[in-house]
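Here are some notes to read beside the model. Please keep the structure open as you go through the points.

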Amino acid sequence: MLVSLLSVATYFIFAAIADRNYPFGITAGFGYIAALFGNLFGGLSENPVIKRFSEKPDAFIEFFILIGLVVGGYTASKSSGTFSSENIPAVWEKYHGKSLVKRYVFVLIGSVLLGYGAALGSGCTTGNILQGWAHLSLGSIVAGISFFAAGIITAKILYPKVGGM
Amino acid sequence: MTIIFILFGLSVGFLFGFILTRTGITKYPRVMGMLLLKDFKILKFMLTAVISSMILFHLLGDFGLLKVIPKNLDWGKLVGGLIFGTGMGISVIVPAQWQQELVKEKGSNLCTIRNGTWNFYLCFDYKTR
């Protein structure tokens, strides 16, 4: 319920301060970071997608949402006493061993696909499901179903032996 | 205006990150449990948020207080969704989870941020062709 209130309030505030109903999300924040790097190279600064992320206020705001996410997550884990530092999740270690390199290779490959897919699909789980499904957007419904279909199939292939957790 | 944008972004991010972490849905075993269809807490969380905000959005829309702009359906949503889902299955990370990763899994998180950024370059290339 709190997330839905946050999502609706964000939509309102975007309209008030940026004069447009931008959807609540975080993907454009990554786009803003990419645009910052892109602008360092002359040829890329004229790219329409880089220009869009450089100039539109929603990407700038979502960049600060990313920073706020880290601070909020850190505060929540500290205040609830669940803060801990680990290099490899316990469940991962149980099935894939202690190799940091292996974990990072998986994260690296997965992250490339995550970022590329989010950019192509115009949003991640936050933008396409939390916000897009609430708007009953057909595009977001298709994207959200694709997220889970591909994710479930991949997880079932990679972790066939996981019986009970 | 810039300072308002920054404060607004930081406040929304803080609240969102706080809620996600306190509910525990960003934890690795939870995401993995969801993908293996063994733990439905994330699904319950998401559907509760979606349905309650759906009611609010459309109610406020009917009263003319806001304008809901649905996203268009195109091939990018389907293909991008399948690519994203495959990445989610491989890394067991969703973008909103990266704040948790920064707290707990430092190295992996740096990879996520770096690649999240890099991926947009790949997409720029794709989209401008």
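1. A word on the source. This is a predicted model, where local features need pLDDT of at least 70, side-chain atom pairs count only at pLDDT 80 or more, and totals for chains, interfaces and linings use all residues. Residues are numbered from 1 along each chain as its sequence is written, chains are lettered from A and ligands numbered from 1 in the order in which they are written, and side-chain values use heavy atoms, without hydrogens and water.

2. Back to the interface. Chain A and chain B bury about 9,600 Å² between them, and 77% of this is on carbon and sulfur atoms. Buried area is the accessible area (1.4 Å probe) that two parts lose on being put together, summed over both. In chain A, A:Leu114, A:Tyr116 and A:Leu120 lose the most area to chain B, together 7% of what that side buries. The contact (heavy atoms within 4.5 Å) takes 111 residues from chain A and 97 residues from chain B.

3. Now the fold of chain A. The chain has nine helices and zero strands. Helices (H or I, at least four residues) and strands (E, at least two) are DSSP runs, numbered from the N terminus. The C-alpha atoms fill a box of roughly 50 × 45 × 35 Å along the principal axes. Of the contacts in chain A with a separation of 6 or more, 50% join residues 24 or more positions apart.

4. Next, burial. Of the 165 residues in chain A, 55% are buried. Buried means under 20% relative accessible area, exposed over 50%, partly exposed in between (1.4 Å probe, protein chains only). Take A:Ala34, which sits in helix 2 (residues 27-38) of chain A. Is A:Ala34 buried or exposed? A:Ala34 is buried, because its relative accessible area is 0%.

5. Last, helix 2 (residues 28-35) of chain B. Six of its eight residues are buried. Among them are B:Tyr28, B:Val31 and B:Met34. Which elements cover them? The cover includes helix 6 (90-96), helix 7 (100-120) and helix 9 (138-158) of chain A, together with helix 3 (41-62) and helix 4 (75-91) of chain B. Just after helix 2 of chain B, B:Leu37 takes a positive phi of about 55°.
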